[in-house]
Amino acid sequence: MNFIDALNLPSSCLQKRKIPLKKLYEQCTLVQKKLIEKHVSTLTLVALINEENSRIKEYSDSKENYQAIFILEISIKIYPLPNDIFQLIHSLFPYPTILVCETEDKIQLSSSLKRINLVNCEKTTLESTYVSPDLRKSDNLDNYFKQLDYRIIRVLNLKEYYYQLSNLVQLSQMIIDYGIYPSLEVSTHEVFEMIEQIKAIKLNISAYDTLYKRENSLSRRMDIHMKIQEEKNKLNDLNKKVMEELCQI
């Protein structure tokens with residue numbers, strides 16, 4: 001099963017339309033054009049989701065525009081695709097977009113939260129771009145994707161639906177880091193706030209390790225060792241909290 005199959009979208013949303021790369025090149029610098037040429041073979045629109053074909057209401061205000069969601073499949077020359085190429089392609093499409101790279105046994109996904117450009121309302125500005133790790137296809141991964149099966153999702157509008165898709169991309173990192181296929185009901189804000197704390201603690205431990213190796217004084221080494229243990233205890237506690245958050249639903 002592929003990603004689009006797992007979403008089980010109405011047939012009216014499904015597309016199979018190749019996007020000429022030369023259209024993208026018109027918006028690119030020479031450096032960007034060369035990057036796309038090096039990595040991308042083809043770009044295909046595989047789904048277009050709007051209020052008319054999905055009955056999910058559109059959403060727009062002075063900052064955001066969710067009148068349609070594009071799902072684009074990227075056929076690539078080099079796998080996995082570098083994160084900066086995902087970001088570049090997102091920047092070339094004004095509508096909220098999900099990018100999909102698939103091989104027979106692996107998949108990468110990317111989402112990008114955008115806001116309307118304050119200078120030119122016809123353009124968008126990327127706020128955050130998320131890229132999944134290199135995910136190996138399995139029944140568990142199919143079930144993870146199926147949380148967004150069109151028949152069971154409950155969202156008020158296309159903005160909520162896109163945020164669910166984006167959460168799926170973000171949380172997929174937990175599959176690699178913790179071996180868990182998380183529920184999309186998990187609070188991504190809380191989880192990733194703890195992940196940032198974990199990163200900071202790991203940096204502290206690394207810095208203390210360096211100090212410990214350089215220190216000649218036995219008493220000072222003992223002090224540093226105690227600080228390392230304190231940081232490791234904090235790290236263990238945070239990892240347990242992340243696991244609890246991922247497993248509680």
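**Exercise 1.** Decide whether Asp-149, at 6% relative accessibility, counts as buried or exposed.

*Solution.* Buried means under 20% relative accessible area and exposed over 50%, with partly exposed in between (1.4 Å probe, protein chains only), so Asp-149, at 6%, counts as buried. The model is a predicted one, in which local features need pLDDT of at least 70, side-chain atom pairs count only at pLDDT 80 or more, and totals for chains, interfaces and linings use all residues. Residues are numbered from 1 along each chain as its sequence is written, and side-chain values use heavy atoms, with hydrogens and water left out. Finally, with neighbours within four places in sequence set aside, Asp-149 is in contact (heavy atoms within 4.5 Å) with Ala-6, Leu-7 and Asn-8.

**Exercise 2.** Find which partners the side chain of Ser-112 reaches.

*Solution.* Begin with the location, since Ser-112 belongs to strand 7 (residues 106-116) and is buried, at a relative accessible area of 1%. Then follow the side chain, which comes to 3.3 Å from the backbone oxygen of Ser-128 and makes a polar contact with the side chain of Thr-129 at 3.0 Å. A polar contact is a pair of N or O atoms within 3.5 Å; within protein, one must be able to donate a hydrogen and the other to accept it, and residues adjacent in sequence count only if both atoms are side-chain atoms.

Key
Helix = DSSP H or I, 4+ residues; strand = E, 2+ residues; numbered from the N terminus.
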